[in-house]
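Here is a short report for a first look at one protein chain. Start with the overall picture, then turn to single residues.

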Amino acid sequence: MISLVAERSRPRARRRTPALGAVLALLAGLLGLGVQTIAHAAADTNIALGAEATASSVESASYPASNAVDGDLTTRWSSAWSDPQWLQVDLGADASISGLTINWEAAFAVAYNIEVSSDATTWTQVYSTTSGAGGTENISVPSGTTG
């Protein structure tokens, strides 16, 4: 199981998100965050595609958590405009995870954490950054990561 969490971004030329948080998987800055989360079991295999996704909030019914894992880069999940926020992706069963890809929209997290869990209760941080770049981020996790 993987999850995303975020803090809201501050306006810039385009929305940008300085996030800092932790709860489930990706602490991402949200101000209308467009994220496609892809957990990789093997090279280029998207095991998160169509998985159950839940979130701390949604900006509106137009931006549900399920959009984060629908495989459509024209849709997105967007949280309420408050910090912190999170997105959790339930893969349905434990899986070996080698990395994930996040496709951000104009709003993105500068600082965030990714955590994994086998039971949605106990979480292990597998990635953290304070220099997120937005765009498409390909993230590797430690060898042997499962969740």
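## Burial and fold

Of the 147 residues in the protein chain, 50% count as buried, meaning under 20% relative accessible area with a 1.4 Å probe and protein chains only; exposed is over 50%, and partly exposed lies in between. This is a predicted model: local features need pLDDT of at least 70, side-chain atom pairs count only at pLDDT 80 or more, and totals for chains, interfaces and linings use all residues. Residues are numbered from 1 along each chain as its sequence is written, and side-chain values use heavy atoms, with hydrogens and water left out.

The protein chain has 0 helices and 9 strands (DSSP runs numbered from the N terminus: helices are H or I with at least four residues, strands are E with at least two).

## Aromatic residues

The structure holds 2 aromatic pairs (ring centres of Phe, Tyr or the six-membered ring of Trp within 6.5 Å; planes under 30 degrees apart are stacked, over 60 edge-to-face, the rest tilted). One of them joins tyrosine 112 and tyrosine 127, tilted, at 5.9 Å centre to centre and 45 degrees between the planes. Tyrosine 112 lies in strand E7 and tyrosine 127 in strand E8, so the pair ties together parts 15 residues apart in sequence.

Tyrosine 112 is buried at 1% relative accessibility. Tyrosine 127 is partly exposed, at 23%. Trp104, Tyr112 and Tyr127 form one aromatic cluster.

## Threonine 145

Threonine 145 sits in the segment after strand E9. Threonine 145 is buried, with a relative accessible area of 8%. A polar atom of its side chain lies 2.6 Å from the backbone oxygen of proline 142.

How values were computed
Polar contact = N/O pair within 3.5 Å; in protein donor to acceptor, adjacent residues only side chain to side chain.
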